[in-house]
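This report covers the cores, the ring and sulfur geometry, and the record's annotated spans of one model. Please view the chain below first.

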Amino acid sequence: MIDTPDLIATLASDMKPVKRLQPPLVRALGWLGFAALLLALIAVNRGIRPDLGDRLRETAFATRTAAALATGILAAIAAFVVSLPDRSKLWLLLPVPALVVWLSNVGYQCLTHWVVIGPEGVSPGEAVRCFSTLVLTGLPLSCLLCFMLRYAAVLQPAAVAITGSLGVGALTAVALSLFHTIDASAMILMWNVGTTAMFGALGAFFGRTAMGWAADRMS
């Protein structure tokens with residue numbers, strides 16, 4: 001019969017070294033730094049919308065864009081913090097104030113100043129460029145976030161995935177606002193509310209599976 005010291009030594013010899021995770025704020029800043037670099041590369045490749053300076057002087061546009069950006073940043077921080085089992089669920093409320101300002105701004109502008117799509121409609125080329133911006137922004141951010149939060153797959157995947165997806169959707173909405181000039185109310189609704197709802201739904205339905213897949217591959 002094996003004695004206790006030998007049993008401990010045997011078990012310890014088979015254990016793999018565990019790498020301590022960086023603090024959640026540090027990891028969130030790393031992901032946000034990647035997001036900033038990604039948007040900068042897209043801006044260099046495609047250029048920002050030509051009237052961006054004028055639009056940023058408009059209170060409604062500046063408030064909407066700033067609130068969307070704040071929502072993305074705060075949602076990312078909340079997702080990384082809540083991914084740890086010893087942190088309060090109240091961190092999930094961190095992006096709520098910015099989200100309320102963002103969606104209230106969109107709703108108010110649509111109710112008081114509805115802008116119809118011009119008679120020429122949305123050209124197929126512009127629609128393709130908008131879709132490609134959505135993919136080029138949302139896909140890399142989602143993949144990296146899934147990789148960095150894979151440890152939450154067995155802890156509380158739903159809350160982490162939905163909150164992280166909110167961050168991805170908000171930053172994607174910012175990218176669409178910065179790079180494309182279509183300002184019809186229907187398009188603003190689709191870019192802001194539709195994009196965020198789509199990423200939130202994807203996170204809710206596939207977040208746990210995606211993080212579990214990443215955790216299995218990286219273990």
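## Helices and cores

I73 lies in helix 4, residues 59–82; helices here are DSSP runs of H or I with at least four residues, strands are E runs of at least two, and both are numbered from the N terminus. The model is predicted: local features need pLDDT of at least 70, side-chain atom pairs count only at pLDDT 80 or more, and totals for chains, interfaces and linings use all residues. Residues are numbered from 1 along each chain as its sequence is written, and side-chain values use heavy atoms, without hydrogens or water.

I73 has a relative accessible area of 31%, so this residue counts as partly exposed. The cut-offs are under 20% for buried, over 50% for exposed and partly exposed in between, with a 1.4 Å probe and protein chains only. The C-alpha atoms of I73 and L171 are 8.1 Å apart, across 98 residues of chain.

The largest nonpolar core holds 41 residues. A nonpolar core is a set of buried Ala, Val, Leu, Ile, Met, Phe, Trp, Tyr and Cys residues joined through side-chain atoms within 4.5 Å. W31, F80, W102, L141, L149 and M211 have the most contacts inside the largest core. Helices 2, 4, 5, 6, 7 and 8 each supply at least two of its residues. Helix 7 gives the most, with 10. Apart from this core lies another, of five residues, including C130 and W191.

W31 touches A76, F80, L141 and L171, among others, leaving aside neighbours within four places in sequence. Contact means heavy atoms within 4.5 Å.

## Charge and sulfur

The charged end of R150 sits over the ring of F147, 4.3 Å from its centre. The criterion is NZ of Lys or CZ of Arg within 6 Å of the ring centre and within 35 degrees of the ring normal.

There are zero disulfides, defined as cysteine sulfur pairs within 2.5 Å. The sulfur of C146 has its closest cysteine sulfur in C143, at 7.3 Å, so the two are too far for a bond.

| Cysteine | Relative accessible area |
|---|---|
| C130 | 9%, buried |
| C146 | 16%, buried |

## Annotated spans

An unreviewed UniProt entry places "transmembrane region" at several spans, including 25–44 and 65–84. UniProt positions use the numbering given here, feature names are shortened, and annotations may be inferred rather than shown by experiment. Residues 25–44 are 100% helix and 0% strand, with end C-alpha atoms 28 Å apart. Residues 65–84 are 90% helix and 0% strand, with end C-alpha atoms 30 Å apart.
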